[in-house]
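Hello,

I am passing a structure on to you. Please open it alongside this message.

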Amino acid sequence: MAGRFAPRPTRTTVRGGHVAVGGGVPRQAAGPGQAAGPGRVRDWVPDGPLDLGLVLGPLRRGPGDPTFRTTPDGSVWRAALTPAGPGTLRVRASGGGVRGEAWGPGAEWLLEGLPELLGAADDPSAFVPRHRLVALARHRRPGLRLTRSGLVLESLIPSILEQKVTTDEAYRAWRLLVRKFGEPAPGPVPGGMHVMPGPRTWALIPSWEWHRAGVDNKRASTILRAVRVAGRLEEAAGMEPGAARARLEVVPGVGPWTSAETVQRSHGAADEVTTGDLHLPRIVGWALAGDRDADDSVMLELLEPYAGQRHRAARLVLLSGRVPGRRAPKMPRWDIGAL
């Protein structure tokens, strides 16, 4: 789920969410099609505490994600394919607020959506903790807001890549495919940043490139079916989360797990809890009831007191770090690209 517990820390972790403050920002020279020089700027002041790492962390797909960077000066960089075209957004704390700076054809779109990206549409005050552990996690993470990216396909495709494989395998596939088929992010960005490919480019990726990236035919076919109706799927960004999930699940291969993972990021859906996850039910069951063998039905029963805010409750459980000890080997990793 968005914000799942990750035992291996990264610079922007969904557990702590803090970005180190220090030296300068590594930059690369603007290449062909990139906008050099100062970008468009927007300042915004949130109405409460805001932790950039916690809010934007779920948009990061692993420490090597080409579309996401954190830099030592505390900035979070994000490259996105917007309805207006590719764009890069840099977000950093500025005084008592936040400053967004953007480059590329999608710059205006990114800056217009900056408040919602940082949780302006989210209402943390609507959440009432019912368990001591959840209340403590909330107290320790006052800057948690649920991001709303407004982009469906950029959350759907990596969620499909994460189906039935380890996160390392999924992150590797996303990293390889975006770097090879995406375009360099516009602006004076940290080195190696890319915008994810457009729907047509995804559709034209040869079968052997999916294989080399470790993506089996089932997941690749699901992505191909999704990009063929990309316009209709992006329309779901303007729907209520439940209706958006129903539209996504019309695509064969997209089920409840994938649709929930998508709308948690694209819509900032506070109540869309992930079902069908290998680990989440056991983590929630252990944290809230001491039940390490909980399944989806038990998890949903435990989260029922948080109706309307179940995703936020599950996220706080994950942020608490209280997880059951491992009793079985990890899911085996299969590198089909080596076959």
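Below is what turned up in it, starting with the cores.

Please note that this is a predicted model.

**Nonpolar cores**
The largest nonpolar core has 31 residues. Leu153, Leu156, Trp202, Trp210, Val215 and Ile223 have the most contacts inside it. Elements giving two or more residues to this core are α5, α6 (167-181), α9 (217-228), α10 (230-235) and α11 (241-248). Beyond its neighbours within four places in sequence, Trp202 is in contact with residues including Ile157, Trp174, Met196, Trp210 and Val227. A second, separate core has 21 residues, among them Phe127, Leu288, Tyr306 and Val317. In general, nonpolar side chains in soluble globular proteins tend to be buried together.

**Cavities**
There are three cavities of 30 Å³ or more. The largest cavity has a volume of about 120 Å³. It is lined by 14 residues, and Leu59, Thr67, Arg78, Glu154 and Trp174 are the closest to its centre. Both β3 (76-82) and α5 (153-161) give two or more residues to that lining. By class, the lining has seven nonpolar, two polar and five charged residues.

**Strands around β5**
Strand β5 (residues 97-103) is mostly covered, with six of its seven residues buried. Strand β1 (residues 40-44) runs antiparallel to β5, joined by five bridges. Here Val41 has Glu101 as its bridge partner. Strand β4 (residues 85-94) also pairs with β5 in the antiparallel sense, over seven bridges. There, Val91 is partnered with Gly100. The hairpin of β4 and β5 has two residues between the strands, and Gly95 takes a positive phi near 65°.

Best wishes

How values were computed. Residues are numbered from 1 along each chain as its sequence is written. This is a predicted model: local features need pLDDT of at least 70, side-chain atom pairs count only at pLDDT 80 or more; totals for chains, interfaces and linings use all residues. Side-chain values use heavy atoms; hydrogens and water are left out. On a 1 Å grid over the protein atoms alone, a cavity is a set of points where a 1.4 Å probe fits but cannot get out, and a pocket is an open set with protein on both sides within 12 Å along at least five of seven lines; lining residues have an atom within 4 Å of a point. Grid points are joined across faces, edges and corners, and a volume is the space filled by probe spheres set on the points. Helices (H or I, at least four residues) and strands (E, at least two) are DSSP runs, numbered from the N terminus. Ala, Val, Leu, Ile, Met, Phe, Trp, Tyr, Cys and Pro count as nonpolar, Asp, Glu, Lys and Arg as charged, and the others, Gly among them, as polar. A nonpolar core is a set of buried Ala, Val, Leu, Ile, Met, Phe, Trp, Tyr and Cys residues joined through side-chain atoms within 4.5 Å. Buried means under 20% relative accessible area, exposed over 50%, partly exposed in between (1.4 Å probe, protein chains only). Contact means heavy atoms within 4.5 Å. Two strands pair if DSSP finds at least two bridges between them.
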